[in-house]
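Welcome! Take a moment to look over the sequence and the model below, and then we can walk through a few of the features together.

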Amino acid sequence: MMQGEGEAASVTNGVLQQTRNPKQGGHRATIFIFLMLGLENIGFVANMVSLVLYFLYVMRFDPSGSATTTTNYLGSVFMLTLVGGFISDTYMNRLNTCLISGALELLGYLLMIIQAHYNKLQPKPCNKSSCVEGGEALMLYASMCLLAIGAGGVRGSVPALGADQFDQNNPMERKYLARFFNWLLLSITIGASLGVTIVVWVSTNKGWDKGFLISMLCAFVGLIIIASGKSFYRVRIPGDSSLSRIFQENTNELYETRDQECGLGEVQILHTDQFRLLDKAAILAIGEKPRKWGVCTVTQVEEVKILTRMMPILISTIIMNAAFAQLQTFSVQQGAIMNTKIGTFEVPPASIPVIPLVCMSILIPIYEFFFVPVIRKVTGHPNGITHLQRVGVGLVLSVISMGIAAIVEVKRKHEILHNGNRISLFWLGIQFFIFGIADMFTLVGLMEFFYSEAPTGMRSLSTSFSWLSLSFGYFLSSIFVELTNLVTSKITKSKRGWLEGRDMNNNHLELFFWFLAILSALNFANYLYWAS
């Protein structure tokens, strides 16, 4: 890619070292990114909370089947952010990765619109756990794959593109990095709020095809906006990733470039004895000249070690995201059999997450402008609290949220089974509200932590680890559901799993929520060990 006018640049291991054009980067450049992610999330988050109903009522899955299909899809999306991050670090710049991924996402929406519009492309009712087969299944899973690849690529590249607009070597710009991630979450939250209200209402009342169409149009406009800001971006030129060469072997001694061979601004990292298995990538045979794809430098190997050391923090947030997945699946199914009316207006059950989203939209500016300055005076930390403290607060709140979810389910079942009353859908708002605040702390904390701690040449990949935690959480959620049914069907007197069957009033969802609450509490203790 050509540098902007007035820039002097050199490329070392794919890192753009340059004298910045004053017209590029900074807050102005991030406006395009905020708008793009906000628009793209209108459809994405609407699908996050409503696809479980689409699979249940249109694609004819049973409740547990629709829940696991949804979590498997979302897990795939966030898993593929890792691929998007790796590609944007290594093969193409972050902007181009975003544009190509966005085009694939649009194609996926198009297939979803066609299948949702024509009844002959949908399965007929049956008594099996899944009624989708043949060409119907092929079209459904092809569209979901395209959506997953596209949405994953966007999330793997765009946050790092935005963070690149602030130079961490400049003290004035470095302090704006935490603020960028807060505003990034705010843009996502505002888009999500519009999605779970307008798009979900349209999908459930006017037709799923119309809801998917709105999602596609919003994503398309978002792509146009982020592409139009190209001249304002500071763009990192991609290059070889040390991760892609870490399994190479040579013999005799570790190789490092001499100081005079280093590119402008490149920092060498001294060798450490930890994870010595990785050192073999930097071994250079005696008398052999270093060559591309032949050997890594010590610095490149140490960069990978840095990422490896951050893994326990990532792993410690997976349980929280597995619990979060239940609120997007089983809690939405709960809402479908609760009292959904406000006067004469009927609220779509999948719109209940708008409660935490609206609250987050209010709380993020309060956090940025009031909480951080006050806490900064106490702690002396420029961001008020550290990245890891933010994550810890989120993990504690997730335990509380799952406990409340269990209590609400006990109340719901008691009222319907003993009094014949359907309690209000808005009882679910309590657990969603608390988990929304937890997500505000944890997601931003993780993104800032991984971006700040990562080597320059691996920041897209590292930032993607925040989404990777979500991916593992969704997949783990599916495993928990299957294992819970498997185990409890053998130990209960009825020989029926806690989550089996289509009638949720005969299930034991409350026990499953208590299980997740206890597991989340144990996970927090594990997190404290690694964070300390």
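Predicted model: local features only at pLDDT ≥ 70, side-chain atom pairs only at ≥ 80, totals over all residues.

Helices α9 and α14 are roughly antiparallel to each other, because their angle is over 145 degrees. To find them, look for residues 318–336, which form α9, and residues 509–531, which form α14. The two pack at an angle of about 160°, and their axes lie 10 Å apart. As α9 passes α14, the crossing is left-handed.

Which residues of α9 meet α14? On the α9 side they are Ile319, Ala323, Gln326, Phe330, Ser331 and Gln334. Their partners in α14 are Leu509, Phe512, Phe513, Leu516, Leu519, Ser520 and Asn523. Sorted by class, the residues of this contact between α9 and α14 comprise 8 nonpolar, 5 polar and no charged.

## Another partner for α14

Helix α14 also crosses α11, the helix of residues 387–419. Here the axes come within 8 Å, and the crossing angle is roughly 165°. That angle makes α11 roughly antiparallel to α14, so the N-to-C directions of these helices fall in the class over 145 degrees. The crossing of α11 and α14 is left-handed. In their contact, 19 residues are nonpolar, 4 are polar and 3 are charged.

## Space inside the model

How many cavities of 30 Å³ or more does a search of the whole structure find? The search finds 2, and the largest cavity has a volume of about 420 Å³. This largest cavity is lined by 27 residues, of which Val45, Met48, Phe324, Leu357 and Asp439 are the closest to its centre.

By class, the lining of the largest cavity has 21 nonpolar residues, along with 4 polar and 2 charged ones.

Terms used. Residues numbered from 1 in each chain as written. Heavy atoms only, no water. Axes fitted to C-alpha atoms, helices over the stretch in contact; angles between N-to-C directions. Helix = DSSP H or I, 4+ residues; strand = E, 2+ residues; numbered from the N terminus. Parallel < 35°, antiparallel > 145°, perpendicular 65-115°, else oblique. Left-handed = near helix turned anticlockwise from the far one by under 90°. Contact = heavy atoms within 4.5 Å. Nonpolar A, V, L, I, M, F, W, Y, C, P; charged D, E, K, R; others polar. 1 Å grid on protein atoms, 1.4 Å probe; cavity = no way out; pocket = protein on both sides within 12 Å on 5 of 7 lines; lining within 4 Å. Points joined across faces, edges and corners; volume = space filled by probe spheres on them.
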